[in-house]
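Welcome, and thanks for opening the viewer. Please keep the selection tool at hand, and we will go from stop to stop together.

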Amino acid sequence: MGVASATPTEVEHRIEYTRALNSMASVLMNWYGNVLDSNLNRSGYPEKVTGLKISKTDLVKLELNEYSFNVQSKLTYLQDDSMQAKALDETFIFHIGPLGQANITSKVINKDTSVEMMSLATFNHDHYQRREFAYTWLAYLDGVVMDNNIKDKQWFENAMYTVKMGPKEIKGPILFTLAARKAYLFKGGHLLRSLEVEALEGRDNTFILELIIDWQGVNAAGKSVLAKIHQTITYQLEENNQWDVMSIEEEHLLPDIAPWQKLLC
């Protein structure tokens with residue numbers, strides 16, 4: 001954690017931006033996860049999509065609480081027992097509700113072009129489900145309760161959340177730790193920098209989700225703060241792809257001065 005220069009207006013802009021971005025990203029990850037769900041069919045997409053990779057994104061604020069989110073992607077799909085591939089250019093229009101939740105108000109496919117076959121096997125339903133969870137969690141940390149509310153899950157009451165900031169350590173249930181954490185990260189916003197996942201050796205259907213997060217804002221004393229956060233989330237995948245989070249461990253690293261440029265991870 002480090003000290004950074006930020007005016008009250010900059011902090012408010014950071015809050016508005018991160019709340020909107022994480023909320024919209026959560027909805028987009030759910031959208032593309034459903035495109036890759038063999039039990040569902042999204043209008044405008046092939047029926048049997050086998051992989052989808054987001055290659056480029058662009059976010060434009062249109063007016064108060066309205067955003068345009070352009071997504072360029074490549075997807076593979078099965079048609080008449082033959083693998084095909086195409087590139088898509090889509091624009092989603094979002095409205096941000098009074099509590100920060102993002103809702104898609106319209107979507108158009110700007111371009112749909114056949115391309116050479118490629119391997120997108122790792123960009124599957126699990127890929128987007130993990131990212132949906134990450135963005136939903138960050139949105140919650142920024143005060144936005146999504147429709148896929150993690151706070152309603154049973155694990156939310158049971159999982160232990162540990163925060164380490166140098167010699168300081170906070171440990172307890174999620175709500176307890178978040179309340180104590182606010183003394184240091186009081187008002188600001190989280191941005192996801194990277195996401196990695198690996199299976200926990202010797203444990204069936206148990207995984208470790210590694211997040212690197214930027215946070216910028218002010219502490220409870222009103223001093224500007226810049227933080228680089230490493231979160232390790234251990235979870236078990238239950239029936240119907242339901243997550244059971246077992247623990248969340250957070251460590252604060254030396255902050256990076258250079259801003260993070262990518263919209264989505």
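In which strand is Leu78 found? Select it and look: Leu78 is found in strand S2. Before going further, please keep in mind that this is a predicted model.

**Stop 1**

Together, Leu78, Met83 and Met117 make a nonpolar surface patch of about 240 Å². Leu78 itself has a relative accessible area of 32%, so it counts as partly exposed.

**Stop 2: rings in strands S2 and S3**

Now select Phe69, which lies in strand S2 (residues 66–79), and Phe94, which lies in strand S3; the pair ties together parts that are 25 residues apart in sequence. Their ring centres are 6.3 Å apart and their planes meet at 65°, so this pair is edge-to-face. Are these two residues buried or exposed? Phe69 is buried, at 0% relative accessibility, and Phe94 is buried too, with a relative accessible area of 0%.

**Stop 3: a helix meets a strand**

A search of the whole structure finds 13 aromatic pairs. For one of them, select Tyr32 and Phe92: the ring centres lie 6.1 Å apart with the planes at 80°, so the pair is edge-to-face. Tyr32 belongs to helix H1 (residues 8–35) and Phe92 to strand S3 (residues 82–96), so this pair links distant parts of the chain, 60 residues apart. Both Tyr32 and Phe92 are buried.

**Stop 4: charges over rings**

Next, select Trp31 and Arg42. Here Arg42 lies over the face of Trp31, 3.7 Å from the ring centre.

**Stop 5: a cluster of rings**

Select Phe133, Trp137, Tyr140, Trp155, Phe156, Tyr161, Phe207, Tyr235 and Trp243 in one go. Ring pairs link these residues into a cluster.

**Stop 6**

Most residues other than glycine have a negative phi. Which value does phi of Asn205 take? It is near 55°, a positive value. You will find Asn205 in the loop between strand S7 (187–199) and strand S8 (206–218), where it is partly exposed at 47% relative accessibility.

Terms used:
Residues numbered from 1 in each chain as written. Predicted model: local features only at pLDDT ≥ 70, side-chain atom pairs only at ≥ 80, totals over all residues. Heavy atoms only, no water. Phe/Tyr/Trp six-rings, centres within 6.5 Å; stacked < 30°, edge-to-face > 60°. Helix = DSSP H or I, 4+ residues; strand = E, 2+ residues; numbered from the N terminus. Buried < 20%, exposed > 50% of the residue type's maximum accessible area, 1.4 Å probe, protein only. Lys NZ or Arg CZ within 6 Å of the ring centre and 35° of its normal. Patch = residues over 30% accessible without salt bridge, like charges linked within 9 Å, V, L, I, M, F, W, Y side chains within 5 Å. Areas by Shrake-Rupley, 256 points an atom, 1.4 Å probe, with all protein chains shown as cover. Salt bridge = Lys/Arg side-chain N within 4 Å of Asp/Glu carboxyl O.
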